[in-house]
Amino acid sequence: MKRTLDYVLGSAVFLILVIIVASVMWQVLSRYVLGTPSTSTSEIARLLFMWLALLGGAYTFGQARHLAIDILPLALNGRSRQLLNTLILLIVAGFAFFVMVWGGWQMVSRTLASGQITPTLRLPMGYVYGPIPVSGLIIIFYCFIFLGRVWLNPKSEGGFTIDPQQAPASQERD
């Protein structure tokens, strides 16, 4: 299931990036070559950039390639490393749930209820904030997968971070 989510999420992030690049290129072309700037392309790029950043962050977390200070987890071994990584994952999952999913959903629902729309595309503003709870749910899913690795794989010594001594291919198997 993780591989499927990785593929779908990676493909979505790639597609969003392609659309952003095409939108910005059209904006530049229409402004400087055609002399009539497109009014919607900058808004498309801004809206999609939010989706790109948050979904890309969730994808990066799922690949264990996110920014992390891992001096302490790599310095520990065995049960202490397992417990520390469990605590880290529970904190991340708690943040993802309370701030991103619950708080993000509150923001999305309030914005949709207010009827606020984007200036050019006339889309409900709730769609702009939509990637917050979506990426929070994805991060929570990845946290459960990592917790399973921490507790069900004794050879990992309780590690979900990438150990610089190991080849990255060992982390890719799911």
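**Aromatic pairs and their surroundings**

Tutor: Phe-141 is partly exposed, because its relative accessible area is 27% (buried means under 20%, exposed over 50% and partly exposed in between, with a 1.4 Å probe and protein chains only). The model is predicted, so local features need pLDDT of at least 70 and side-chain atom pairs count only at pLDDT 80 or more, while totals for chains, interfaces and linings use all residues. Residues are numbered from 1 along each chain as its sequence is written, and side-chain values use heavy atoms, with hydrogens and water left out.

The count comes to 3 aromatic pairs, where rings of Phe, Tyr and Trp (its six-membered ring) pair if their centres lie within 6.5 Å, and planes under 30 degrees apart count as stacked, over 60 as edge-to-face and the rest as tilted. One of them joins Phe-61 and Phe-146, which is edge-to-face because the ring centres lie 5.6 Å apart with the planes at 80 degrees. This pair links distant parts of the chain, as Phe-61 belongs to helix α2 (residues 41–62) and Phe-146 to helix α6 (residues 131–152), 85 residues apart (helices are DSSP runs of H or I, at least four residues, numbered from the N terminus). Phe-61 is buried at a relative accessible area of 6%, and Phe-146 is likewise buried, at 0%.

Phe-141 and Tyr-142 form a tilted pair, because their ring centres are 6.1 Å apart and their planes stand at 55 degrees. Tyr-142 is buried, with a relative accessible area of 0%. Leaving aside neighbours within four places in sequence, Asp-6 is in contact with Tyr-142, as well as with Tyr-59 and Gln-63 (contact means heavy atoms within 4.5 Å). Asp-6 lies in helix α1 (residues 2–32) and is buried, at 11% relative accessible area.

Notes. Helix = DSSP H or I, 4+ residues; strand = E, 2+ residues; numbered from the N terminus.
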